[in-house]
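Please look over the sequence and the structure shown here before reading the report that accompanies them.

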Amino acid sequence: MLAAGSKMGKEELHNIHSKLEKVNCYTKICNGYGQNEMCGAVTLNSNAANKEGSAGFPVIGTDICIVEPDSLEKLDVYQEGLILEKSESVFLRYENMPDETQKAFVTLNDGKKWFNTKDIGYLDEDNFLYITGRMSRVLVKYDCKISIDSVEEKIKNHPDVCDCAIIVSDKNEVEEYAIAFIALKSEV
């Protein structure tokens with residue numbers, strides 16, 4: 001079974017597995033990742049190579065690169081950064097939107113052009129991709145970029161927490177701030 005769309009975390013995977021097992025369905029759930037601009041899947045887990053919590057391994061003919069968002073310097077394994085993709089299946093342009101098409105790509109110091117996913121993640125030593133957030137869900141505080149998705153995930157991992165959602169103030173204000181809404185297990 002293939003799961004795609006938004007990131008599916010370990011807790012969600014375990015929840016689905018337990019529901020399937022109750023009806024005697026013992027199938028693996030494999031996460032995938034991709035964008036319309038890349039004509040579908042960019043990474044996939046498979047029955048043979050399935051790392052729980054990952055979005056999978058790059059499909060044949062696709063390269064994934066993780067870079068520091070501001071400098072576009074390539075990062076090492078397990079370093080979280082901006083996810084870039086390259087493939088022959090990448091779209092050519094947004095129809096009648098040349099400025100948006102230009103913004104969709106970045107050129108690295110080596111001269112190679114990559115599609116900017118605007119997602120945050122990292123690669124492990126086996127080249128499996130882990131999605132940790134979106135650039136649109138980043139709080140800038142004292143010149144530090146904080147992934148709201150990563151903070152939510154850490155809060156949700158607390159044994160007393162049932163769920164968490166974080167919102168960020170309007171970026172037009174003088175100073176950004178975040179508000180966390182937390183549901184405790186004892187309140188549910």
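## Basis and confidence

This is a predicted model, in which local features need pLDDT of at least 70 and side-chain atom pairs count only at pLDDT 80 or more, while totals for chains, interfaces and linings use all residues. Residues are numbered from 1 along each chain as its sequence is written, and side-chain values use heavy atoms, with hydrogens and water left out.

The protein chain averages a pLDDT of 85, and 92% of the residues score at least 70, where pLDDT is the predictor's confidence in each residue, from 0 to 100. Within the protein chain, confidence is highest in β5, at a mean of 95, and lowest in strand β10 (residues 138-141), at a mean of 71. Strands (E, at least two residues) and helices (H or I, at least four) are DSSP runs, numbered from the N terminus.

## Salt bridges

Side chains of opposite charge can pair when their charged atoms come close. The structure holds five salt bridges, a salt bridge being a side-chain nitrogen of Lys or Arg within 4 Å of a carboxyl oxygen of Asp or Glu. The table lists some of them.

| Pair | Closest N to O distance |
|---|---|
| K51 and D124 | 2.8 Å |
| D110 and K74 | 3.7 Å |

K51 forms a salt bridge with D124. This pair links distant parts of the chain, with K51 in the loop between β3 (40-44) and β4 (57-58) and D124 in the loop between β8 (113-123) and β9 (129-134), 73 residues apart. K51 counts as partly exposed, at 22% relative accessibility, whereas D124 counts as buried, at 2%; buried means under 20% relative accessible area, exposed means over 50%, and partly exposed lies in between (1.4 Å probe, protein chains only). K51 and D124 are also linked with D126 in a network of salt bridges.

D110 forms a salt bridge with K74. D110 lies in the loop between β7 (105-107) and β8, and K74 in the loop between β5 (62-67) and β6 (81-87), so the pair ties together parts that are 36 residues apart in sequence. D110 is partly exposed, with a relative accessible area of 42%.

Because they are three residues apart in helix α2 (residues 98-103), K103 and E100 are separated by about one helical turn. An α-helix has 3.6 residues a turn, so residues three or four places apart point the same way. K103 counts as exposed, at 53% relative accessibility, whereas E100 is partly exposed, at 35%.

## Cysteines

A search of the whole structure finds zero disulfides, a disulfide being a pair of cysteine sulfur atoms within 2.5 Å. C25 is partly exposed, with a relative accessible area of 28%, and C39 is exposed, with a value of 58%.

## Buried residues and their contacts

E85 lies in strand β6 and counts as buried, at 1% relative accessibility. Leaving aside residues up to four places away in sequence, E85 touches Y33, Q35, M38, V42, D63, I64, W114, F115 and T117, contact meaning heavy atoms within 4.5 Å.

Q35 lies in strand β2 (residues 30-35) and counts as buried, at 12% relative accessibility.

The C-alpha atoms of S87 and I182, which are 95 residues apart along the chain, are separated by 40 Å.

In helix α3 (residues 148-156), I148, D149, S150 and E152 are buried. The buried residues of α3 pack against β9, β10, β11 (144-147) and β12 (161-168).

## A nonpolar surface patch

I167, Y177, I179 and F181 make a nonpolar surface patch of about 380 Å². Patches are made of residues with over 30% relative accessible area and no salt bridge, like charges being joined within 9 Å and nonpolar side chains (Val, Leu, Ile, Met, Phe, Trp, Tyr) within 5 Å, and accessible areas come from the Shrake-Rupley method with a 1.4 Å probe, only the protein chains shown counting as cover for residues. I179 is found in strand β13 (residues 178-184) and counts as partly exposed, at 35% relative accessibility.
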